[in-house]
Amino acid sequence: MMKKILAISVLLAISLNSFGQNSSHDFDMFSKAANKGDALAMYDLGVMYDTGLGVTQSDTDAFNWYSKAAKQGDIKAEYNLGVMYSNGQGVTQDYTQAYNWYSRAARGDPQAITVRLLSLNSFGQNSNHDLL
């Protein structure tokens with residue numbers, strides 16, 4: 001089992017180094033891994049749909065893939081959901097949800113997320129929440 005995980009990690013690392021150079025191959029590879037429950041692949045599909053890299057850009061699909069990855073604890077996906085809720089990108093703008101997702105993501109990188117949390121509070125968009 002450990003060899004299989006290591007092999008998948010190596011393949012993903014190699015793929016990420018060439019990410020975007022062969023987008024249809026990336027999409028196929030990430031789709032297969034995501035459908036097997038790989039959170040990193042789910043996040044990568046979210047990025048592809050978010051940016052339109054190798055696929056038709058779709059905020060809705062990006063949101064859906066980020067949500068699946070975030071449910072598995074992917075911090076980058078949690079952060080991106082915060083951005084999407086904050087901007088109303090692919091979802092109805094909701095500062096409370098943005099705050100919640102930024103807060104969840106903060107457990108992995110508190111300094112990076114603090115800026116987003118402060119910006120929500122400084123505009124009075126989340127005055128009913130205490131900062132972390």
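## Basis of the description

The structure is a predicted model. Two packed helices are described by the angle between their axes and the distance between the axes.

## Helices H2 and H3

Helix H2, which covers residues 23-35, and helix H3, which covers residues 39-51, have axes that come within 8 Å and cross at roughly 140 degrees. The crossing of the two helices is left-handed.

On the side of H2, the contact is formed by Ser 23, Asp 26, Phe 27, Phe 30, Ser 31, Ala 33 and Ala 34, while H3 contributes Ala 41, Met 42, Asp 44, Leu 45, Met 48 and Tyr 49. Sorted by class, the contact of H2 with H3 holds nine nonpolar, two polar and two charged residues.

## Helices H5 and H6

Helix H5, spanning residues 75-87, packs with helix H6, spanning residues 95-105, at an angle of about 160 degrees, and their axes are 8 Å apart. H5 and H6 are therefore roughly antiparallel to each other, and their crossing is left-handed.

The residues of H5 that make this contact are Ile 75, Glu 78, Tyr 79, Leu 81, Gly 82, Val 83, Tyr 85 and Ser 86, and those of H6 are Tyr 95, Gln 97, Ala 98, Trp 101, Tyr 102, Arg 104 and Ala 105. In the contact of H5 with H6, 10 residues are nonpolar, three are polar and two are charged.

Key:
Residues are numbered from 1 along each chain as its sequence is written. This is a predicted model: local features need pLDDT of at least 70, side-chain atom pairs count only at pLDDT 80 or more; totals for chains, interfaces and linings use all residues. Side-chain values use heavy atoms; hydrogens and water are left out. Axes are lines fitted to C-alpha atoms, for helices over the stretch in contact, and angles run from 0 to 180 degrees between N-to-C directions. Helices (H or I, at least four residues) and strands (E, at least two) are DSSP runs, numbered from the N terminus. A crossing is left-handed if the near helix is turned anticlockwise from the far one by less than a right angle, and right-handed if clockwise. Contact means heavy atoms within 4.5 Å. Ala, Val, Leu, Ile, Met, Phe, Trp, Tyr, Cys and Pro count as nonpolar, Asp, Glu, Lys and Arg as charged, and the others, Gly among them, as polar. Angles under 35 degrees count as roughly parallel, over 145 as roughly antiparallel, 65 to 115 as roughly perpendicular and the rest as oblique.
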